[in-house]
Amino acid sequence: MPLADKTAFERYLKPLRKIKWVVDAREPFAGPRQVLRYLSRYTHRVAISNRRLIAADHNGVTFRYKDYRIDGPGRYKTMTLATDEFIRRFLIHVLPKRFHRIRHYGLLASGNRAANIARARELLATPSPSKEPQPSEPTATDEQHVLPCPCPCCGGRMIVIETFARGCQPKHRPMPTSQEIRIDTS
């Protein structure tokens, strides 16, 4: 395979790094909603996940993909590409150094988050949250209360449902665990 040699691979990539990129800013044919649907499939994932790879041998690389133009079970298809073509297509999705994947966009973009939320509150005529914590009323021992310390597993607020002494049984039954939500990122 010609690209298996590191120097040959570097020579192959060198002219690609010198390409001048031109942004095409025409109005999209199907409208901005379709553009957002398209981009949302790519903003938080890698180019291809390992579970979509079926085989890699002397014939090439075989992988599963989804044809978004078709509904139903026929939208899941397989494709086999020559190894160098698969690598070429994969590298199209790899970001160059110093570039970052989109994390948040719009109101929650980190650069202007505070100003945007303040402006949204102003337009909606909603009061901004007070800086001082509200004095809390004493709660009964059976009610839930929030501790100031975070959860050791996720870092979120830890809510104490019940406190019981060593050797005693809890009064309440544990909450049934909710089913895990899985999102297909293929």
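What share of the contacts in the chain with a separation of 6 or more comes from residues 24 or more positions apart? The share is 27%, where contact means heavy atoms within 4.5 Å.

The views below show a predicted model, in which local features need pLDDT of at least 70 and side-chain atom pairs count only at pLDDT 80 or more, while totals for chains, interfaces and linings use all residues. Residues are numbered from 1 along each chain as its sequence is written, and side-chain values use heavy atoms, with hydrogens and water left out.

**View 1. The chain as a whole has 4 helices and 5 strands.** Helices (H or I, at least four residues) and strands (E, at least two) are DSSP runs, numbered from the N terminus. Read from the N terminus on, the elements follow the order α-α-β-β-β-α-α-β-β. The chain has 186 residues, and 11% of them are buried. Here buried means under 20% relative accessible area, exposed means over 50%, and partly exposed is in between (1.4 Å probe, protein chains only). Accessible areas come from the Shrake-Rupley method with a 1.4 Å probe; for residues, only the protein chains shown count as cover.

**View 2. The strands β1, β2 and β3 form an open sheet.** The order of the 3 strands is β1-β2-β3, and their pairing is antiparallel. Two strands pair if DSSP finds at least two bridges between them. In general, strands of a sheet pair through backbone hydrogen bonds, either parallel or antiparallel. In this sheet, β1 (53-57) and β3 are the edge strands, each pairing on one side only. On average, neighbouring strands of the sheet are turned by 20° against each other, direction ignored.

**View 3. A hairpin joins β1 to β2.**

**View 4. Helix α3 lies across β1, β2 and β3.** This helix covers residues 83-92 and runs at about 120° to β3. Axes are lines fitted to C-alpha atoms, for helices over the stretch in contact, and angles run from 0 to 180 degrees between N-to-C directions.

**View 5. Ala47 sits in the loop between α2 and β1.** Its relative accessibility is 27%, so Ala47 counts as partly exposed. Leaving aside neighbours within four places in sequence, Ala47 is in contact with Arg52, Phe90 and His93. Ala47 and Val94 are 47 residues apart along the chain, and their C-alpha atoms are separated by 7.2 Å.

**View 6. Asp67 forms salt bridges with Arg69 and with Lys77.** A salt bridge is a side-chain nitrogen of Lys or Arg within 4 Å of a carboxyl oxygen of Asp or Glu, and by this rule the count comes to 6. In the pair Asp67 and Arg69, the closest N and O atoms are 3.0 Å apart. Arg69 is exposed, at 75% relative accessible area, whereas Asp67 is buried, at 8%. For Asp67 and Lys77, the closest N and O atoms are 3.2 Å apart. Asp67 lies in the loop between β2 (60-66) and β3 (76-81) and Lys77 lies in strand β3, so this pair ties together parts that are 10 residues apart in sequence. Lys77 is partly exposed, with a relative accessible area of 28%.

**View 7. Glu122 forms a salt bridge with Arg119.** The closest N and O atoms of this pair are 2.8 Å apart. Both residues are in helix α4 (residues 113-124); because they are 3 residues apart there, about one helical turn separates them. Glu122 is exposed, with 55% relative accessible area, and Arg119 is partly exposed, with 43%. Elsewhere, salt bridges that share partners join Asp67, Arg69 and Lys77 into one network.

**View 8. Tyr12, Leu16, Ile19 and Trp21 form a nonpolar patch on the surface.** Together these residues have about 460 Å² of accessible area. Patches are made of residues with over 30% relative accessible area and no salt bridge; like charges are joined within 9 Å, and nonpolar side chains (Val, Leu, Ile, Met, Phe, Trp, Tyr) within 5 Å. Ile19 is found in the loop between α1 (6-17) and α2 (32-40). At 39% relative accessibility, Ile19 is classed as partly exposed.
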